[in-house]
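Dear colleague,

Please find below the structure I promised to pass on to you. My notes on what was found in it follow directly after it.

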Amino acid sequence: MTSAEPNPAHASSAAWLEAARRLRGRPSWLWRDLAPSAEELTAPGRYFRATRLWLTLRRGGYTMLGCRRGRTLYRLASKVEHASIDGAIVDCGVYNGGSTVLLSAGAPSRDVWAFDSFEGLPPAGPLDEGASAAWIDDCRGSEARLREAFATYANPVRLRVVRGWFDETFPTAADMIGPVALLHADGDWFESVRLTLETFYPRINPGGYVVIDDYGFWPGAKKATDEFRARHGIEVPLIGVNGNAVFWQKP
């Protein structure tokens, strides 16, 4: 390359900086959700792929996750894929399949297990402050839409759907899944999150991840997580995503 020829790396950096500049002009809440993290700045291609996929899924009504939470699922799935952490991807509480697609897109060689009643949330317990019937109905997803999303944006051969309430499906499905590389717990309520962790965390291989979607939003999800970590002596730090979700890597 001569001094007169354009440098592709410089061009890529310039485009990246221009995109970031434009984002900074948006409303503060949108900037905070779309802004790349320090780690994402080291892999801009992955950031843009995850953002584009999230935007497509959000516009299609397949997910209620914000962009940062969606990108985190894609990124962590990519990390276990590239680090060759053995195990399946397990998504507990999938709505219309957006989170499941993001996980599968990040780790396309893995089976992805999708657990959901597709009847909304179960009744809230005494530790689930702020719960309402309207919220339970709003979270009612569709198995047909999940399969539609996978057929369009992922590999449907990798999808394993388990329909039903967690307390009914986990006991029999867990043994079929075997080892786990990444667990996404989006059950909202104390009992759902507790059961998800008790069932699948022991199956996560070292180096794998667990994501708690509503840790900073629903008190029951936070209490279930904190109690589980304390009971099992888990001292690795929780990493916040956007004020709601958190994750940690299993030692």
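A pocket, as the word is used here, is an open set of grid points with protein on both sides within 12 Å along at least five of seven lines. The model is a predicted one, and its largest pocket has a volume of about 680 Å³.

**The largest pocket**

The lining of this pocket is made up of 38 residues. Leu121, Cys139, Asp186, Gly187 and Asp188 are the ones that lie nearest its centre. By type, the lining residues divide into 18 nonpolar, ten polar and ten charged. Helices α6 (98–106), α9 (166–177) and α10 (190–200) each supply at least two residues of the lining. The largest share, five residues, is provided by α10.

**Helix α6**

Helix α6 deserves a separate remark. It is largely enclosed by the rest of the structure, because eight of its nine residues are buried. These buried residues are Gly98, Ser99, Thr100, Val101, Leu102, Leu103, Ser104 and Gly106.

**Cavities**

Searching the whole structure gives two cavities of 30 Å³ or more. The second largest cavity holds about 30 Å³ of space. Which residues line the second largest cavity? They are Leu65, Arg69, Thr72, Leu73, His184, Val211, Asp213 and Ala245. Four of these lining residues are nonpolar, two are polar and two are charged. Helix α5 (residues 67–82) gives the most to this lining, with three residues.

**Salt bridges**

Glu81 and Arg110 meet through their side chains in a salt bridge, at 2.9 Å from N to O. Glu81 belongs to helix α5 and Arg110 to the loop between α6 and β2, so this pair ties together parts that are 29 residues apart in sequence. Both Glu81 and Arg110 are buried.

Glu191 and Arg194 form a salt bridge whose closest N and O atoms are 2.4 Å apart. The two residues are three residues apart in helix α10 and are therefore separated by about one helical turn. Glu191 counts as partly exposed, at 42% relative accessibility, and Arg194 is likewise partly exposed, with a relative accessible area of 25%.

Salt bridges that share partners also join Glu39, Arg46, Arg75 and Lys79 into one network. Glu39 is partly exposed, with a relative accessible area of 30%, whereas Arg46 counts as buried at 17%.

**Backbone**

Most residues other than glycine have a negative phi. Phe118 is found in the loop between β2 (112–116) and α7 (133–138), and it counts as buried because its relative accessibility is 5%.

**The chain as a whole**

The protein chain has eleven helices and seven strands. Of its 251 residues, 51% count as buried. Its accessible surface comes to about 11,800 Å², and 55% of that surface belongs to carbon and sulfur atoms. Among contacts with a separation of 6 or more, 73% are between residues 24 or more positions apart.

With kind regards

Terms used:
Residues are numbered from 1 along each chain as its sequence is written. This is a predicted model: local features need pLDDT of at least 70, side-chain atom pairs count only at pLDDT 80 or more; totals for chains, interfaces and linings use all residues. Side-chain values use heavy atoms; hydrogens and water are left out. On a 1 Å grid over the protein atoms alone, a cavity is a set of points where a 1.4 Å probe fits but cannot get out, and a pocket is an open set with protein on both sides within 12 Å along at least five of seven lines; lining residues have an atom within 4 Å of a point. Grid points are joined across faces, edges and corners, and a volume is the space filled by probe spheres set on the points. Helices (H or I, at least four residues) and strands (E, at least two) are DSSP runs, numbered from the N terminus. Ala, Val, Leu, Ile, Met, Phe, Trp, Tyr, Cys and Pro count as nonpolar, Asp, Glu, Lys and Arg as charged, and the others, Gly among them, as polar. Buried means under 20% relative accessible area, exposed over 50%, partly exposed in between (1.4 Å probe, protein chains only). Contact means heavy atoms within 4.5 Å. Accessible areas come from the Shrake-Rupley method with a 1.4 Å probe; for residues, only the protein chains shown count as cover. A salt bridge is a side-chain nitrogen of Lys or Arg within 4 Å of a carboxyl oxygen of Asp or Glu.
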